[in-house]
Each structure stands twice: as structure tokens, then as C-alpha cells.
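Okay, thanks for coming, everyone.

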Amino acid sequence: MRGQRAGIRQHTEGAWRELVLPAEPGGVSLAERAALALRVARLGGHDGLAAHIRTLPVPAEALAAAEDPVRAEGRLGLLLRYADLVAEAPERCGQAEIDALGAAGLSPQDIVAVTQLIAFIPFQIRLLAGLRALQEEAAA
């Protein structure tokens, strides 16, 4: 893993840019993307990643909604509840949830992007844990 660290970092940063902060966000706004990332980071219990996401240049109300998706309204609420489902019980996600996202104005490409983002954050959490273990090993 040490020998691959530079490549892993490059690809992970590229995925972050494409999923969370793309130059062309399509039908999913940067605020929605940041709120989804924050929600999943919080579900994963990674306070450091959540703190980093809170520094993104998006409206604070979008990030605040990520703290309580049950109370979040409209499309953002729907997206956050979808994130909870995909992150916690993906086997329960079915056509009805996909149809609801489509009815909220998301294209098939947007739905794929949202789902990829939701899956990417737990990967980042695991990667950060691995890198932290390497640092601790090196320091020992």
C-alpha cells in the first residue's frame, strides 16, 4: 500500500472532485452533493471528514439539513433520506426509491452520480483509517 500511496491519493482526489465538487454538477447542485457527503460521513462516524465537508463553499442551510434528514423538506430531504437508505440498508432500496428521485427531477445520470457519491464516502472513511494505521505504524 505504501508504494501505491501516490496513485491512490491522485485517484481518490479525482473521484472527490468529480462526485462532490464537479465543475459541471449536472442536475445535482454542489450544495446537495455536500449535504449528501456530510450525511454519509456523519453516518460513518468520521468527525474529521465531516468537519472538512462543513468547510466547503456551499450554503450553510444545506449542510444543516444533513444533520436531521427526517425534518429536511423537499428534494434535499428526499436525497438525504435516500442516502440514509443506501448507506444503512442498501438491500431495501428498490425501484420505488429510484422513481421518487426521478419524480424529484433527477435524471438517470444524476441518480447514478448521487448513488456513487453515497458509496464513495465510506470508501474514503476506510482509506483514511488505513492511512492513519500506516502513520501510527511508522511512528511506533
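Let's start with α2 and α5, which pack at an angle of about 35°, with their axes 10 Å apart. The axes here are lines fitted to C-alpha atoms, for helices over the stretch in contact, and angles run from 0 to 180 degrees between N-to-C directions. On the α2 side, the contact (heavy atoms within 4.5 Å) uses Glu32, Ala35, Leu36, Arg39, Val40 and Leu43. From α5 come Arg75, Leu76, Leu79, Leu80, Ala83, Asp84, Ala87 and Glu88. By class, that's nine nonpolar, no polar and five charged. Nonpolar here is Ala, Val, Leu, Ile, Met, Phe, Trp, Tyr, Cys and Pro, charged is Asp, Glu, Lys and Arg, and the others, Gly among them, are polar.

Quick housekeeping. This is a predicted model, so local features need pLDDT of at least 70 and side-chain atom pairs count only at pLDDT 80 or more, while totals for chains, interfaces and linings use all residues. Residues are numbered from 1 along each chain as its sequence is written, and side-chain values use heavy atoms, with hydrogens and water left out.

Helices, by the way, are DSSP runs (H or I, at least four residues), numbered from the N terminus.

Now α2, residues 30-43, against α3, residues 47-54: the angle is about 165° and the axes are 8 Å apart. So α2 is roughly antiparallel to α3, a label for angles over 145 degrees. Here α2 passes α3 in a left-handed crossing. Ala34, Ala37, Leu38, Ala41 and Arg42 of α2 meet Asp47, Leu49, Ala50, Ile53 and Arg54 of α3. That contact has seven nonpolar, no polar and three charged residues.

Which residues of α3 are buried? Leu49, Ala50 and Ile53, where buried is under 20% relative accessible area with a 1.4 Å probe, protein chains only. They cover an arc of only 100° around the axis, so they sit on the same side of α3; the arc is that of the directions from the helix axis to the C-beta atoms.

Last pair: α5 (residues 74-88) and α6 (residues 95-103) have axes that come within 11 Å and cross at roughly 155°. That makes α5 roughly antiparallel to α6, and the crossing is left-handed.

Methods: Helices (H or I, at least four residues) and strands (E, at least two) are DSSP runs, numbered from the N terminus. Angles under 35 degrees count as roughly parallel, over 145 as roughly antiparallel, 65 to 115 as roughly perpendicular and the rest as oblique. A crossing is left-handed if the near helix is turned anticlockwise from the far one by less than a right angle, and right-handed if clockwise. Buried means under 20% relative accessible area, exposed over 50%, partly exposed in between (1.4 Å probe, protein chains only).
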